[in-house]
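Hi,

Here is the model I promised to pass on. Have a look at it first, and my notes follow below.

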Amino acid sequence: MRISFLGGGRMAEALIGGLLARQVASARGVQVMDPDAVRCRTLEARFGVAAQPVLDDAWFETDVIVLAVKPQHLREAVAPLAGRLGRILVLSIAAGLPLGVIGRWLGGHRRLVRAMPNTPALVGAGVTGLYADPSVDTLGREEAERIMAAVGEVLWVEEEGKIDAITALSGSGPAYVFAFLEALQAAGEALGFDAATARRLAQATAAGAVRLAQESEEPLSRLRENVTSKGGTTEAALVRLNERGFAEAIREAVFAAHARSQELARQLGEAP
C-alpha cells in the first residue's frame, strides 16, 4: 500500500512505525509532507521514508492520504489538495472535524474515512474508532482498517455521531487512567513509599488488573467482587469510593467529554 501523510507529528510517526513494523507498507511506499524541515529530516533518518516540507506531484501518487494535521490548521493545510485527489482514499485523524466539512474543504471529495485514535497508539496499544462515508467501498474500509490496526485495535461505527462517544470514552480515556494512577501513586507516597516505588506499584497493579479483565470471560462486576472479601480491606476502600460518588463521577466525566466533543464538532462544522 502506498500512503502519503499530510503532517508528520507524533501520531503520524506512530502510524509510520506501526505500518513498517507490520509490513503494511514499505519505507519506499510512504511519503510525508510537513512544513517543518527538521521534522522531515527526523522522519527520514528514523524510518527511511521520503519527507518534504512542500507538496509535489509525486506525493499524490498514492493509495491513501492520511490527514495528520491539528484540526485548527486543517482547512489551510488541505487547500492545495482540492481537485487533485481523484479516487484516493482520505483518512482523517483530525479530532472533531466531521467528514462533511472535510469533504467541502477538499472540493466535494467523498472517499473519506474519519478515525479517532488515542495516545496509547504511540506504543502500539491504541484503540481507534472508524467511520466511513457511505460512498467508501469495501476496499477503502479495508485500507483504513489496516492502517489504524498497525497501532492497536479498531472499532467501526455506522453513525458518525458515535465518533463523539468514542472520543469521550477511549479518546480522552487515557487521561482518566493517568489521573487515577497519579492519585494511587500519591496515596502510596503518603503511606511512606518513595515516588518511584509508589509509581511502580500503581502501574503494575493497573496493568495486571487490565490483563486479568482481558483474559477473563467474567463480567467486570464479578472480577471486582472476587477481590472484595466481606469486612476486608478492599470493601473498606470501595465503601469510601462509593461514598464519594466514584462511579457517578466517572460517568459525569465521560458525559462532559462527550458534550464537549459535540460542541467542538458543531463549531468546526460551522466553518465556511
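To start with, is tryptophan 59 buried or exposed? Tryptophan 59 is buried, with a relative accessible area of 0% (buried is under 20%, exposed over 50% and partly exposed in between, using a 1.4 Å probe and protein chains only).

Before the rest, some housekeeping. This is a predicted model, so local features need pLDDT of at least 70 and side-chain atom pairs count only at pLDDT 80 or more, while totals for chains, interfaces and linings use all residues. Residues are numbered from 1 along each chain as its sequence is written, and side-chain values use heavy atoms, with hydrogens and water left out.

Back to the rings. Phe, Tyr and Trp rings (the six-membered one for Trp) pair if their centres lie within 6.5 Å, with planes under 30 degrees apart called stacked, over 60 edge-to-face and the rest tilted. That rule gives 1 aromatic pair. Tryptophan 59 and phenylalanine 60 have ring centres 5.2 Å apart and planes at 85 degrees, so they are edge-to-face. Phenylalanine 60 is also buried, at 11% relative accessible area.

Threonine 62 sits in the loop between strand S3 (50–52) and strand S4 (64–67) (strands are DSSP E runs of at least two residues, helices H or I runs of at least four, numbered from the N terminus). Threonine 62 is buried too, at 7% relative accessibility, and a polar atom of its side chain lies 3.1 Å from the backbone oxygen of valine 64.

Now the pockets. On a 1 Å grid over the protein atoms alone, a pocket is an open set of points where a 1.4 Å probe fits, with protein on both sides within 12 Å along at least five of seven lines; lining residues have an atom within 4 Å of a point. Points are joined across faces, edges and corners, and volume is the space filled by probe spheres set on them.

- The largest pocket holds about 2,400 Å³. Its lining has 41 residues, with Val177, Phe180, Ala206, Ala209 and Val210 nearest the centre. H8 gives the most, 10 residues.
- By class, that lining has 28 nonpolar (Ala, Val, Leu, Ile, Met, Phe, Trp, Tyr, Cys, Pro), 2 charged (Asp, Glu, Lys, Arg) and 11 polar residues (the others, Gly among them).
- The second largest pocket has a volume of about 750 Å³. Among its 30 lining residues, Ala68, Val69, Lys70, Pro71 and Ile93 are the closest to its centre. H3 gives the most here, with 4 residues.

Cheers

Conventions. A polar contact is a pair of N or O atoms within 3.5 Å; within protein, one must be able to donate a hydrogen and the other to accept it, and residues adjacent in sequence count only if both atoms are side-chain atoms.
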